[in-house]
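Trainee: I have a chain open on my screen and would like to work through it with you. Could we start with the whole and then go to the details?

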Amino acid sequence: MRTTCDGHPGRQAAYGTGARRKLDKVRTDRYGLVIAANRLPVDQVTAPDGTRSWRRSPGGLVTAMDAAMRDRTGAWVGWAGDAGTAPEPFTEGDLRLVPVPLTDAEIALYYEGFSNDTLWPIYHDVIVPASFHRAWWTAYDEVNRRFADRVCEVAAPDAMVWIHDYQLQLVPKYVRAQRPDVRIGWFNHIPFPPVELFAQLPWRRDILEGLLGADFLGFQRTPDAENFVRACRRLAGLTTRGQLVRTKDPDGGRLVRAASVPISIDAAGLDALARTPAVRQRAREIRASLGNPRKVLLGIDRLDYTKGIRHRLKAYEELLRDNVIRPPDVVLVQVATPSRERVAAYRELRTEVERTVGRINGQYAAIGSAAVEYLHHTYDREEMAALYQAADVMLVTPLRDGMNLVAKEYVTCRGDEDGALVLSEFTGAYQEFAALAGRRNTAYICNPHDIEGLKGRMAEAIRADRRTRRSRMRALRAIVAEHDVQAWSRTFLAALESAPSPADAAR
Ligand code: F6P
């Protein structure tokens, strides 16, 4: 989801005393809360007159951090998205942004290579084979050191440091080495693999040691945290007890806690946006431009092989072949957001998806009524909210997904308590919904590998009556409204604050 924020310089004059105090602290260049994530939460935009400025990028993470930073001054360390010299640190709203430079070679080796062609496949059940290259690892290590250096420069004494995701797994260790005074948390947005898969990594011990520099490690699902603890035991020979791992630091080691803290979305903000007349009107326009079909099916994904887009298209094609559904009665809108296009597996996926869409339309579309409307674009949050509202059935069919925020966004946009969610059991969202509302009464749960089963769930969701749709949607909406991104960041920071201290380790 894309949010925009005006961070123009004239804004300072409008601040009250409390905010001015915050800005004064900003000038000291030391921060009580430091976020480190691969990307800064801004994109550079160029106006028609050629002037360049920063705009807040999509994602609930920024909103979560806003909530976390309400009572502290915060800085965000990350890559600005281009190769070469990084811009000087700058302020966006109340947030200090500290860019980390990456060269062209580092983007290829650290980001596209080790992060997205080694770790990403291993952490997602090896849906495609992982590549192992020592030069990628060296670049990953170097870039992680650089992130750690920036964090240490801007962290105030005793600050909280919150590191995000698989791209930065060595940062906890490198920060601790320089700054034993700070509290270090790390959160993994993607799954953490079973030990049998993690063991394939030639650098598995280094990664475990990198992460164990933290005080608290947060994961999407309990099985992810358990996989991490098991890897520490089996591959690093460490002693573990429940969620705790004892490190091999001097004086008996430290205790590091690993637990699940599932991420969420800014439910209230999105709900409010989805209720605006402009978004509702746009939803009606979308349906009308599709020819007002009886049922609109929708998929919105980054174009990533983990998302199960091919499985979904196969099931849809077979439902058409079997005459269970037919255009113009039913249409599938598939939004595929461009992603990591310099990685071969992503290029191959795009070719295959586009070939399949072409085949389905060639076979089943008529003039003016496509069977699949395929959109290879990124949309802003208003358009996404309208698409969600226009969709009778949302298809979320990943083969493996840490959480899947699209599922949460869809139900949040359905203030009308209508619509049906087909949801893969291999998502963190499924685990959370199942734990909080029971398996039977919420989404239409599928195993995307089981094409017959997936077809059955899609057909069931298409045919569901209004009463069933309402009761399921109500249950899902209540979960997301209560467990929102603000609650997530509060829970994470509370867990970090109460993480075991060296004194606990001595006991
Ligand atoms: O959640 C996984 C993740 O890699 C995030 O770190 C990232 O924000 C998102 O997916 C998009 O990936 P990328 O930054 O590689 O475009």
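Mentor: Happy to. Keep in mind that this is a predicted model. The accessible surface of the chain comes to about 20800 Å², and carbon and sulfur atoms account for 48% of that surface.

Trainee: What share of the residues of the chain is buried?

Mentor: A residue counts as buried when its relative accessible area is under 20%. The chain has 507 residues. Of these, the share that counts as buried is 57%.

Trainee: What radius of gyration does the chain have, and what would a compact globule have?

Mentor: Let's begin with the extent: the C-alpha trace spans about 70 × 55 × 45 Å along its principal axes. For 507 residues, a compact globule would have a radius of gyration near 23 Å. The chain agrees with that, as its own value is 23 Å.

Trainee: Among contacts between residues at least 6 apart in sequence, how many join residues at least 24 apart?

Mentor: The chain holds 19 helices and 18 strands. Taking the contacts between residues at least 6 apart in sequence, the part that joins residues at least 24 apart is 74%.

Trainee: Which classes of residue make up the contact of helix 11 with helix 12?

Mentor: From helix 11, residues including L313, Y316, E317 and R321 take part, and they meet a set in helix 12 that includes E352, V353, R359 and I360. Sorted by class, the contact of helix 11 with helix 12 has nine nonpolar, one polar and five charged residues.

Trainee: And how does helix 13 lie relative to helix 14?

Mentor: Helix 13 (residues 381–390) and helix 14 (residues 405–413) have axes 9 Å apart, at an angle of about 75°. The range from 65 to 115 degrees counts as roughly perpendicular. So helix 13 lies, relative to helix 14, roughly perpendicular.

Trainee: Which residues of helix 14 does helix 13 meet?

Mentor: By class, the contact of helix 13 with helix 14 divides into six nonpolar residues, one polar and one charged. On the helix 13 side are M384, A385, Y388 and Q389. On the helix 14 side, they meet V406, E409, Y410 and C413.

Trainee: Helix 14 has another neighbour, I think. What do the buried residues of helix 15 pack against?

Mentor: The buried residues of helix 15 (residues 428–437) are G428, A429, Y430, E432 and F433. Their packing partners are helix 14, strand 17 (420–424), strand 18 (444–446) and helix 17 (466–482).

Trainee: Let's go to N144. Is N144 buried or exposed?

Mentor: N144 sits in helix 4 (residues 134–154). Beyond its neighbours within four places in sequence, N144 is in contact with Y110, Q167, L168, Q169, L170, V171 and Y174. Its relative accessible area is 0%, and under 20% means buried, so N144 is buried.

Trainee: Which two residues does a cis peptide bond join?

Mentor: Look in the loop between helix 11 and strand 14 (330–337), where P328 is placed. Omega is about 5° for the cis bond, which joins P327 and P328.

Trainee: Last one: what is phi of N404?

Mentor: N404 is in the loop between strand 16 (393–396) and helix 14. At 7% relative accessibility, N404 counts as buried. Its phi is positive, in a residue other than glycine, with a value near 85°.

Technical notes: Residues are numbered from 1 along each chain as its sequence is written. This is a predicted model: local features need pLDDT of at least 70, side-chain atom pairs count only at pLDDT 80 or more; totals for chains, interfaces and linings use all residues. Side-chain values use heavy atoms; hydrogens and water are left out. Contact means heavy atoms within 4.5 Å. Helices (H or I, at least four residues) and strands (E, at least two) are DSSP runs, numbered from the N terminus. Ala, Val, Leu, Ile, Met, Phe, Trp, Tyr, Cys and Pro count as nonpolar, Asp, Glu, Lys and Arg as charged, and the others, Gly among them, as polar. The radius of gyration is taken over C-alpha atoms; the globule rule is 2.2 Å times the number of residues to the power 0.38. Buried means under 20% relative accessible area, exposed over 50%, partly exposed in between (1.4 Å probe, protein chains only). Accessible areas come from the Shrake-Rupley method with a 1.4 Å probe; for residues, only the protein chains shown count as cover. Axes are lines fitted to C-alpha atoms, for helices over the stretch in contact, and angles run from 0 to 180 degrees between N-to-C directions. Angles under 35 degrees count as roughly parallel, over 145 as roughly antiparallel, 65 to 115 as roughly perpendicular and the rest as oblique.
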